[in-house]
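This note is written for a colleague who is meeting the structure for the first time. Please read the points below with the sequence and the model at hand.

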Amino acid sequence: MENTQQIVERVAELSRLSFSEHEKNIFEVQFGKILHYIQTIENYDLAAVEPLTHIVTNQSSQRDDVPAECLTVDEALANAPKRNETFFKVPKVLQK
Amino acid sequence: MRLFSDSCTAVNKGTTTFTTITQDILRDIDQRQSLNHFLSVGKDSAIVQAQQSDERYAEEKPLALDGMVVAVKDNLSTRNFPTTCASKMLGEYRPVYDATVVERLAAHGAIIIGKTNMDEFAMGSSGENSAFGKTLHPLNGDYVPGGSSSGSAVAVAAGHAHASLGSDTGGSVRQPAAFCGIVGYKPSYGRLSRYGLVAFASSLDQVGIFAPDIPTTATMMDALSGHDANDATSANLAPTQAMATLDEYANKSLTIAVLPEEIIKDCSPEVLEVYKQCLDILQDNGITLLQAQIPANDAWIPTYYVLATAEASSNLARFDGIRYGFRAEINNDDDDIMTLTRSQGFGMEVKRRIMLGTYVLSAGHYDAYYKKAQQARRLIYDGYEHIFSQADALFLPTTPTTAFKFGEKLNDPIAMYLSDYFTVSANLAGIPAISIPAGNAANGFPVGMQLQTSLFQDERLLSIAHRFQQLFQS
């Protein structure tokens with residue numbers, strides 16, 4: 001069984017988040033309390049209950065297979081933090 | 001507050017114009033900047049839209065929302081304004097398209113005055129979690145206006161808009177409406193398009209409306225509702241006819257379900273007193289009250305926080321620093337751009353919810369938390385079906401307390417989450433719900449009372465709310 005510190009570290013990695021030691025300490029206490037609190041759900045006998053996933057059960061809507069208006073390359077790149085002509089520019093991902 | 005009907009009457013009489021009203025509002029917003037309720041204001045564009053409304057009025061061809069000054073929460077995409085979600089992550093973001101509800105506002109002649117402050121990514125109940133500073137309560141700057149749609153509520157309460165748009169995932173429209181003494185309406189899930197609303201928890205998120213009164217709310221709903229092919233969860237229903245049916249329940253005999261004593265016992269004395277006064281008023285007016293049986297009320301908040309955070313962790317995974325929004329500076333080759341960007345770009349509450357959501361969805365915990373929460377969600381939904389088979393609507397407080405002080409709950413997430421106690425269940429069940437002003441508490445702050453009814457019975461909800469608002473005002 002993991003302790004709260006291990007949970008917080010593992011979940012931070014999965015979430016692509018990092019924390020200072022001070023933040024981690026606050027977090028561990030809060031996280032433990034929140035997890036304990038949400039275990040209230042355990043008080044209900046749910047074995048025979050079907051999970052509810054969607055309120056609106058629409059049929060998938062279909063349309064004719066004709067091109068619709070879409071974003072231009074310039075529009076799609078308008079908010080890019082860094083761009084290079086028609087590409088998103090990213091730091092190199094392959095190590096030497 | 002500024003009633004849309006008063007403005008229309010004055011313009012019809014020729015005593016003013018929508019352009020003058022808009023100029024007055026712009027001046028008022030400027031004078032009360034300390035409220036910090038707007039993140040951007042569209043001075044020039046608002047004046048142009050007001051002039052167009054005046055022209056259509058002069059030609060006697062007004063559109064449904066002509067002259068209505070509307071503020072929009074900063075998580076609804078707008079081509080002409082930044083859309084920041086009150087986050088450093090989207091500080092510089094300018095959408096290249098309008099949300100469907102924003103497009104429909106413009107198509108019906110509304111004057112979009114600006115974008116409003118909020119809790120970051122709509123996560124919070126106090127308006128304190130904004131990267132651009134907290135929003136102040138219009139009556140007392142030491143108190144929170146509620147959240148997450150803090151700026152939209154304050155804009156209407158301060159008379160700086162006839163109406164505003166917010167979003168309600170667990171009470172983010174109804175709770176600030178109650179704190180600020182105005183109407184806050186969360187339509188049935190699927191009734192207003194979510195296209196262009198920056199997603200927090202997709203199965204719970206719903207665009208909502210703030211206004212001083214029900215007729216303004218209904219007018220706006222009729223103009224903005226209706227199916228939208230761009231939103232896969234949009235209900236395939238015609239626009240509402242809420243204005244035409246507003247008086248349908250004016251004289252009908254009504255059965256209203258009310259909460260049993262044990263559920264309301266943790267409310268503050270001020271809220272309890274107003275709730276009981278309201279019940280007396282309803283009974284005095286011949287309305288039948290029925291003690292509701294509420295199953296699984298202890299599961300409301302835990303179920304909500306499991307599902308909402310799970311969906312949030314998934315939705316907010318898109319903020320990677322690559323395609324749009326903030327990107328952290330990379331100083332050496334070992335830095336992970338995504339982790340750095342997210343750690344610097346998100347505030348603490350957003351991180352807390354991403355972490356919780358990631359945990360409940362992670363291997364080994366999915367069945368214990370996420371699946372159980374979905375099962376509890378079914379219990380909550382079925383419980384409402386049972387209530388509405390016996391009663392026309394459920395009547396309950398919107399919030400357990402009136403507005404609280406800044407900082408009071410900031411370091412205690414569970415205490416903050418509990419301020420949504422009476423609102424989250426409507427999102428879980430998808431049903432329409434509305435908060436209406438029910439007078440002031442002994443402490444001087446407004447108290448809101450809530451009505452909820454069956455899925456897609458939005459016209460019924462607005463008609464009963466109209467009747468109740470008149471009863472509580474008289």
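The numbered points go from the whole of one chain to single residues.

1. Basis of the note. This is a predicted model, in which local features need pLDDT of at least 70 and side-chain atom pairs count only at pLDDT 80 or more, whereas totals for chains, interfaces and linings use all residues. Residues are numbered from 1 along each chain as its sequence is written, chains are lettered from A and ligands numbered from 1 in the order in which they are written, and side-chain values use heavy atoms, with hydrogens and water left out.

2. Overall form of chain B. Chain B contains 16 helices and eleven strands; helices (H or I, at least four residues) and strands (E, at least two) are DSSP runs, numbered from the N terminus. The radius of gyration of chain B is 21 Å, close to the 23 Å that the globule rule gives for 474 residues, so chain B is as compact as a globular protein of that length. That radius is taken over C-alpha atoms, and the globule rule is 2.2 Å times the number of residues to the power 0.38. Along the principal axes, the C-alpha atoms of chain B fill a box of roughly 70 × 55 × 45 Å.

3. Burial and contacts. Of the 474 residues in chain B, 67% are buried. Here buried means under 20% relative accessible area, exposed over 50%, and partly exposed in between (1.4 Å probe, protein chains only). Among the contacts in chain B with a separation of 6 or more, 76% come from residues 24 or more positions apart, a contact being heavy atoms within 4.5 Å.

4. Surface and charge. Chain B has an accessible surface of about 15800 Å², and carbon and sulfur atoms hold 46% of that area; accessible areas come from the Shrake-Rupley method with a 1.4 Å probe, and for residues only the protein chains shown count as cover. There are 36 positive and 51 negative side chains in chain B, and the centres of the two sets lie 2 Å apart. Lys and Arg count as positive and Asp and Glu as negative, while His and the chain ends are not counted. The place of a charge is taken as NZ of Lys, CZ of Arg, CG of Asp or CD of Glu.

5. Salt bridges. Over all chains, the structure holds 17 salt bridges, each being a side-chain nitrogen of Lys or Arg within 4 Å of a carboxyl oxygen of Asp or Glu. In chain A, Lys24(A) and Glu9(A) form one of these, at 3.8 Å from N to O. This pair links distant parts of the chain, 15 residues apart: Lys24(A) belongs to helix 2 (residues 21-38) and Glu9(A) to helix 1 (residues 4-14). Lys24(A) is buried, at 16% relative accessible area, whereas Glu9(A) is partly exposed, at 38%.

6. Salt bridges in chain B. Arg194(B) pairs with Asp231(B) in a salt bridge whose closest N and O atoms are 3.9 Å apart. Arg194(B) lies in the loop between strand 5 (183-186) and strand 6 (207-211) and Asp231(B) in the loop between helix 7 (214-224) and strand 7 (255-258), so the pair ties together parts that are 37 residues apart in sequence. Both Arg194(B) and Asp231(B) are buried. Asp320(B) and Arg323(B) form a further salt bridge, with closest N and O atoms 3.2 Å apart. Arg2(B), Asp24(B), Arg27(B) and Asp28(B) are joined into one network by salt bridges that share partners.

7. Apart from neighbours within four places in sequence, Asp420(B) is in contact with Ser125(B), Gly170(B), Ile301(B) and Tyr305(B).

8. Backbone details. The peptide bond from Gly147(B) to Ser148(B) is cis, with omega near 10°, and Ser148(B) is in the loop between strand 3 (111-116) and helix 5 (150-157). Asn36(B), although not a glycine, has a positive phi of about 60°. Cys85(B) also has a positive phi, near 55°, and is buried at 1% relative accessibility.
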